Amino acid sequence: MTYDRTKPLTKRNVIEFLRSLDIEVKTNTKARGNNGLYQKNRIDIAKGLNEEQAISVLIHEFTHHIHYKIDKDFIKTGGSLANIFNTSDITEIQNELINVTNVIDKNSRLKIFLNAKTEVANTIKSMQNSIKNDYPSFLRSKRFKEFEQYVKNSDAKYLVKYDAIRLMHGFFFKQERIITVKNLENNFPDMPKAFQTYIKLCSMQRKQARITRRINKLNKYYTKPTELFARFVQGYFINPETVSTIAPKTTKRFLVLLESGYYKELKDFFEIFFRKPE
């Protein structure tokens, strides 16, 4: 398929089409989520998006609208590929959709967090090796007895569990002291380097756990059937040749259902902005 030159693909034209279906479109919101948000019969897209980004988000959210017409529980359940593609043979389709998502959303937050996880893991390994220079038997999985002995009467012991903490000293006249991992060398200038590194390592492990939780949350989001489908349609509409190559079985099934009217007004949308080959 190629774009129909009589109907240019612009943000304005896409919005006009959506509004012709009585879909409310808001273009000046923060649009919680990935630059766009679909709620029943309403699409929000983030302000400040360029033309290409806005079109892509509008298509994505419109696909959610179509999904809602097929399965009104999809917002709660995440939908099902069997329902979206009207078939029980979804294993290959699911794999293809994941591959499409990885290409279409290659600059997604997930990639950022995966890179951060690798960087943190490398930092932790470097810190561990540094500690081993002074304490060859050191293992992260076991108690660091030498460190525990050193800090048992020191406020530094709190930084093993917290990145920053506010302490109150004194009985009658309270004095506040704030200590942080970031300012460790200034807070505890006499502490041996290996012990300072250990505290920083503990902080990095907490950061690693936070990143892992975030990745798990994003993975759950990106692999929802409704998100896989929306990114497929978004990708196919913008770059059909690439998506057809990545997901041949899914594309074939999608076009059959599209032509049959299974995806309702999505057929009209494609017919307006696409021209079938002669």
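Student: Leaving aside its neighbours within four places in sequence, which residues is T29 in contact with?
Tutor: A word first: this is a predicted model. T29 sits in strand β2, which covers residues 24-29. Setting aside neighbours within four places in sequence, the contacts of T29 are D44, I45, A46 and K47.

Student: Does T29 count as buried or exposed?
Tutor: Buried means under 20% relative accessible area. The relative accessibility of T29 is 16%, so T29 counts as buried.

Student: Which residues touch the most other members of the largest nonpolar core?
Tutor: That core holds 43 residues. Eight elements each supply at least two residues of this core: α1, β4, α2, α4, α5, α10, α12 and α13. The residues touching the most other members are F85, F254, Y263, L266, F269 and F270.

Student: Which helix gives the most to this core?
Tutor: Among the elements that each supply at least two residues is the helix spanning 51-70. With eight residues, the top contributor is α2.

Student: Which residues is F270 in contact with, leaving aside its neighbours within four places in sequence?
Tutor: F270 is one of the residues that touch the most other members of the largest nonpolar core. Beyond its neighbours within four places in sequence, F270 is in contact with V233, Y236, F237, F254 and L258.

Student: Within what arc do the buried residues of α13 fall, seen down its axis?
Tutor: The buried residues in α13 are E265, L266, F269, F270 and F273. They line one face of the helix, because seen down the axis of α13 they fall within an arc of 150 degrees.

Student: At what angle do α1 and α13 pack?
Tutor: On the α1 side the contact is made by N13, V14 and F17, and on the α13 side by E265, D268, F269, I272 and F273. These residues divide into five nonpolar, one polar and two charged. The crossing is right-handed. The axes of α1 and α13 are 11 Å apart, and the angle is about 145 degrees.

Student: What is the phi of D22, which is not a glycine?
Tutor: D22 is placed in the loop between α1 and β2. At 62% relative accessibility, D22 counts as exposed. Although D22 is not a glycine, its phi is positive, at about 65 degrees.

Student: And where does N86 lie?
Tutor: N86 also is not a glycine, yet has a positive phi of about 50 degrees. With a relative accessibility of 43%, N86 counts as partly exposed. N86 lies in the loop between α4 and α5.

Student: How far apart are the C-alpha atoms of R214 and V160?
Tutor: R214 belongs to helix α9, residues 193-222. Along the chain, R214 and V160 are 54 residues apart. The separation of their C-alpha atoms is 22 Å.

Student: Which residues does R214 touch, not counting those up to four places away in sequence?
Tutor: R214 counts as partly exposed, at 27% relative accessibility. Not counting residues up to four places away in sequence, R214 touches R109 and F113.

Key:
Residues are numbered from 1 along each chain as its sequence is written. This is a predicted model: local features need pLDDT of at least 70, side-chain atom pairs count only at pLDDT 80 or more; totals for chains, interfaces and linings use all residues. Side-chain values use heavy atoms; hydrogens and water are left out. A nonpolar core is a set of buried Ala, Val, Leu, Ile, Met, Phe, Trp, Tyr and Cys residues joined through side-chain atoms within 4.5 Å. Buried means under 20% relative accessible area, exposed over 50%, partly exposed in between (1.4 Å probe, protein chains only). Helices (H or I, at least four residues) and strands (E, at least two) are DSSP runs, numbered from the N terminus. Contact means heavy atoms within 4.5 Å. The arc is that of the directions from the helix axis to the C-beta atoms. Axes are lines fitted to C-alpha atoms, for helices over the stretch in contact, and angles run from 0 to 180 degrees between N-to-C directions. A crossing is left-handed if the near helix is turned anticlockwise from the far one by less than a right angle, and right-handed if clockwise. Ala, Val, Leu, Ile, Met, Phe, Trp, Tyr, Cys and Pro count as nonpolar, Asp, Glu, Lys and Arg as charged, and the others, Gly among them, as polar.
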